[in-house]
Amino acid sequence: MRGKVSVIIPVYNTSEFIADCLESVINQEYQNFEVIVINDGSTDNSEEIIKKYVENDERFRFYSQTNCGLGFTRNKGISLSRGDYLFFLDADDIIPKQALSKLVDKLKRNDADYSVGKVVRFNKVRKYIPVRHIEFNLYNDNQVTNIWESTELLQDSIACNKLWRTSFVLKNNLFFKENSLYEDLSFTTKAAVLANKIAVVKNIVYYWRVRDNEENPSITQQQMSLNNTANRLNVLLENRNWLITSNVKKEIVEQHDLKILLDVIRLHVLKYCLVDESEKKEWSLKIKNILMKIPTSIACKLPNKERTIYDMFVSENFTDLLLFSETLLNKEKSRNVIQLKNKFILKGETEYNVTKFLKPLISVEKVKKRAIGLRWEIFGKVYIPKASYKTEGEVYVINRKSKERICLGTITLNDVISKNLVYPYERFSFNMVLDLNFIKKMEVDSVLDFYFCLKNYPDSPSSRIKIETNPEKNNSHRKVYLYKTRYGNLSVKKKNLF
């Protein structure tokens, strides 16, 4: 027996998702688990749904309490657990079938303190890996490491994509912060530093739901409140002080300092336009206090956009910061960005070339196979941020193996969709015929991924082409076929010889 896993699930008003969450646990390949479900004062019918699972499966244990918050509830789950390992699962998320088996096998085989794998965010239309995980190349290879060898692991502060050895958690007195909005930050930072071995699997082990209301302005404004911002800053500073007093090597503190800058700039300073006017002065002082503690040598490591925002803030150029924030959050009431023939310019007290910050998006809604040859017509929608006039775009493919780039031509823009009074040419319907006959000359099992970019805008980022439905129901007879990847992108594969 490889050991029992205690799956700890705090629940607060997630009746819409809790059944999918619990089903994903039941369907695990690894079946030696207990499920500790704690209702944290829900006012919906979550409890009613949970009790059906408890009645039908003796591995489920149910507890109920008045609302105490996520940190308190997870800590209670730890105290109630009987397993050799701990796995934290939020009630609106799900885990793939192999999640527990992959994590247990890797941890057990390498005698690790915890194991960790890939996270994928998802909603009804798309799936994607968190940007930070891509930037720092997290979890792309199976390996056994520790924070001293792989400081970049500090960039991941999620508790739910990890399987924790119970004895490691208890021995080091690792518990979640209570009465705090960012309970994961302290737990995961300390655990990463204290672990002798961290076992990494490159598999997806956690699907983290993006709620439909997550981008709702009122929700985001709550996140930007003075109290909310202060909560995160306090935890980040506590972690920094703990690292320094723990005498960890300089590179670990520097990696955490970079994390602080990325967190503060992306999650707070970028959203400056949403800060309540009555709180802006004190809010800005708190941000300044933490930024001034980080050496400027760390700020030099920031990506271009974040460095621009950082420079605006520390130089107290709040006029341009407000314009920049409104622009990137699509909150402007008048045209901040001027579209030129080959770039987009934000005009404030200084001019900023923001072309590389404005990523076009494209989604295919319908695919129609042409009768002759390897030709398909695709239909969908394209979004070109801050476009003031009709802008041409190109579709190309990249061969996964050879990395060869092949241009397929220009899309045809049709009607404007929901015309924006500030930027009237942002959203269009489109169609395009894809001629893929050149694939006949390629190797068997060649896979090509579709991308979209703006013509004549060299600084504009490319984007993967999303597809909303599976393009072909039955590919078994196809020598070349289009398909939807597990992340919801459009790709094409050559299956067998002609």
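A: The largest nonpolar core has 143 residues, and those with the most contacts inside it are Val5, Ile9, Phe87, Leu436 and Phe450. A nonpolar core is here a set of buried Ala, Val, Leu, Ile, Met, Phe, Trp, Tyr and Cys residues joined through side-chain atoms within 4.5 Å; buried means under 20% relative accessible area, exposed over 50%, and partly exposed in between, with a 1.4 Å probe and protein chains only. Helix α10, residues 250–267, gives the most to this core, with 8 residues. Helices (H or I, at least four residues) and strands (E, at least two) are DSSP runs numbered from the N terminus.

The model is predicted: local features need pLDDT of at least 70, side-chain atom pairs count only at pLDDT 80 or more, and totals for chains, interfaces and linings use all residues. Residues are numbered from 1 along each chain as its sequence is written, and side-chain values use heavy atoms, with hydrogens and water left out.

Of the 18 residues of α10, 14 are buried, so this helix is largely enclosed by the rest of the structure. From its first C-alpha to its last, α10 reaches 25 Å, close to the 26 Å expected at 1.5 Å a residue, where the expected span is 1.5 Å times one less than the number of residues.

Leaving aside neighbours within four places in sequence, Leu436 is in contact (heavy atoms within 4.5 Å) with Leu374, Trp376, Leu408, Phe450, Leu482 and Val492.
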